[in-house]
Amino acid sequence: MTSLTAFTDQFDIYAKNVGDQLKSTYKRLTAPDYIRLIVIVGAYALLRPYLVQLGGRFQAKDHERELDPNEVSSMAATDSKSLKGKVHVPEDTDSESEDEAKKGTDWGKKARRRQRKMVRDLLAADEKRMKEDEEALSDKEIEEFLLEDENWLVETITGPKS
């Protein structure tokens, strides 16, 4: 019980401090400060809908324009199905090209391998999930047809329901 009273006492102190701070802030404001505050808040309130509308127009133009063949759609950034067949995961090879061999640097080699492995794992997991979804859907369709055939068989044997 004492922890509850300590909590409420602390909360009362915080509430009093906030009230005192707000009072002192507004006591220090002069007439030009109030005018400036009102102008800023009013301008924001008046201009915000127009800025949102302008942003919507730019976004609509971006979605309507034709894409280059090598460009990924901004709408498809989160859709894994749109990347299927477009993402190429390079093989994990240790052989470097002649230019890179001349440099003598192996900076980031492990990071590149780790990244390629992660991309391959993500693609494999996504393909596995899609395959399971397709199998589940086909199983549901088969089950639906079996139930229809079973109902038809029951009706033919027992006669139609009244």
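A: Let's start with the negative surface patch, which is formed by E132, E134, E135, D139 and E143. In this scheme Asp and Glu count as negative and Lys and Arg as positive, while His and the chain ends are not counted. The place of a charge is taken as CG of Asp, CD of Glu, NZ of Lys or CZ of Arg. A patch takes residues with over 30% relative accessible area and no salt bridge, joining like charges within 9 Å and nonpolar side chains (Val, Leu, Ile, Met, Phe, Trp, Tyr) within 5 Å. The areas themselves come from the Shrake-Rupley method with a 1.4 Å probe, and for residues only the protein chains shown count as cover.

Before going on, a word on where this comes from: it's a predicted model, so local features need pLDDT of at least 70 and side-chain atom pairs count only at pLDDT 80 or more, while totals for chains, interfaces and linings use all residues. Residues are numbered from 1 along each chain as its sequence is written, and side-chain values use heavy atoms, with hydrogens and water left out.

Now zoom in on E134, which has its place in helix α4. Helices here are DSSP runs (H or I, at least four residues), strands are E runs of at least two, and both are numbered from the N terminus. E134 has 54% relative accessibility, so it counts as exposed. The cut-offs are under 20% for buried, over 50% for exposed, and partly exposed in between (1.4 Å probe, protein chains only).

Helix α4 (residues 109-158) also holds R129 and D126, three residues apart and so separated by about one helical turn. Their side chains meet in a salt bridge, 2.6 Å from N to O. That term means a side-chain nitrogen of Lys or Arg within 4 Å of a carboxyl oxygen of Asp or Glu. Side chains of opposite charge can pair when their charged atoms come close. R129 is partly exposed at 39% relative accessibility, whereas D126 is buried, with 15%. Salt bridges with shared partners also join D126, R129 and D133 into one network.

The structure holds six salt bridges, so let's visit another one. In helix α2, D33 and R36 are three residues apart, which puts about one helical turn between them. Their side chains meet in a salt bridge too, at 3.2 Å from N to O. D33 is partly exposed at 25% relative accessibility, and R36 is exposed at 51%. There is also a salt bridge between R65 and D62, with the closest N and O atoms 3.1 Å apart. R65 is partly exposed at 39%, and so is D62, at 30%.

The elements giving it two or more residues are α1 (2-28) and α2 (31-64), and α2 supplies the largest share, four residues. I38 is found in helix α2 and is exposed, with a relative accessible area of 61%.

Finally, step back to the whole chain. It has four helices and zero strands, in the pattern α-α-α-α along the sequence. Buried residues make up 4% of its 162 residues. The chain exposes about 15200 Å², with carbon and sulfur atoms supplying 60% of that.
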